[in-house]
Amino acid sequence: MEKKLEASLRVAVQWLESRGYRYAVIGGLAVSQWGFIRATEDVDIKVLVSMPDYADLRVSLRSDFPQRARSHIPENPTIVDVVIDSITVDFLFTLPGYDELVIEHASKHDLGDWEIWVCSIEDLIIQ
């Protein structure tokens, strides 16, 4: 894993886990966890949250991570883009159906002194 991304990923994962949210790392970081080289500059995390709770989670994330990563575009109701330690972190909220299965299919990956839930390789193909 890119060392420059690890600190931001750790903060994001600890934030989610401390609040009881289930998640799966997706995107380039997930691809690299399955042994394929893919350069990436950001962190993408799919978060299991029901639709009525989108607003509450958005407010909590914005409160703790107030800097938007993409302030030049309108906010998306299912994505919260933040900056953590100079790195863009995208929290993508699950939609009912397939997105929820991404979380169910995720597996734990050991990163030495900590672990993360990572999207399955099959779901990465679909993602």
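Mentor: Leave aside the neighbours of Val83 within four places in sequence, and Val83 is in contact with Gln67, Arg68 and Ala69. Contact here means heavy atoms within 4.5 Å. A few ground rules come next. This is a predicted model, where local features need pLDDT of at least 70, side-chain atom pairs count only at pLDDT 80 or more, and totals for chains, interfaces and linings use all residues. Residues are numbered from 1 along each chain as its sequence is written, and side-chain values use heavy atoms, with hydrogens and water left out.

Back to Val83. Val83 and Pro66 lie 17 residues apart in sequence, yet 8.0 Å apart in space, C-alpha to C-alpha. Val83 has a relative accessible area of 19%, so it is buried. The cut-offs are these: buried is under 20% relative accessible area, exposed is over 50%, and partly exposed is in between (1.4 Å probe, protein chains only).

Val83 sits in strand S3, which spans residues 79-84. Strands (E, at least two residues) and helices (H or I, at least four) are DSSP runs, numbered from the N terminus. S3 runs antiparallel to S4, and six bridges join them. Two strands pair if DSSP finds at least two bridges between them. Two residues lie between the strands in the hairpin of S3 and S4, where Asp85 takes a positive phi near 50°.

Now follow S4. Seven of its seven residues are buried. Ile87, Val89, Phe91 and Phe93 point one way from S4. Thr88, Asp90 and Leu92 point the other way. S4 also pairs with S2: six bridges join them, and they run parallel. There, Asp42 stands opposite Thr88 of S4.

What do the side chains build? The largest nonpolar core has 38 residues, and those with the most contacts inside it are Leu9, Ile45, Phe91 and Ile116. Helix H1 (residues 3-18) gives the largest share of this core, six residues. A nonpolar core is a set of buried Ala, Val, Leu, Ile, Met, Phe, Trp, Tyr and Cys residues joined through side-chain atoms within 4.5 Å.

Phe91 turns up again among the rings. Phe91 forms one aromatic cluster with Trp15, Tyr21 and Phe65. The structure holds four aromatic pairs. In one of them, the ring centres of Trp15 and Tyr21 are 6.4 Å apart and the planes are at 5°, so that pair is stacked. Rings of Phe, Tyr and Trp (its six-membered ring) pair if their centres lie within 6.5 Å; planes under 30 degrees apart count as stacked, over 60 as edge-to-face and the rest as tilted. Trp15 is buried at 7% relative accessible area, whereas Tyr21, at 23%, counts as partly exposed. The rings of Tyr54 and Phe93 have centres 5.3 Å apart and planes at 50°, so this pair is tilted. That pair links distant parts of the chain: Tyr54 is in helix H3 (residues 54-64), Phe93 is in S4, and they are 39 residues apart. Both Tyr54 and Phe93 are buried.

The buried residues of helix H4 (residues 98-105) are Asp99, Val102 and Ile103. Seen down the axis of H4, they fall within an arc of 95°, so they line one face of the helix. The arc is that of the directions from the helix axis to the C-beta atoms. What covers these residues includes strand S1 (23-26), strand S2 (42-47), strand S4 (87-93) and helix H5 (121-126).

Strand S5 (residues 107-110) pairs with S6 in the antiparallel sense over four bridges. Asp110 stands opposite Glu115 of S6. Their hairpin has four residues between the strands, and Gly112 takes a positive phi near 95° there.

Last, step back. The protein chain has five helices and six strands. Of its 127 residues, 47% count as buried.
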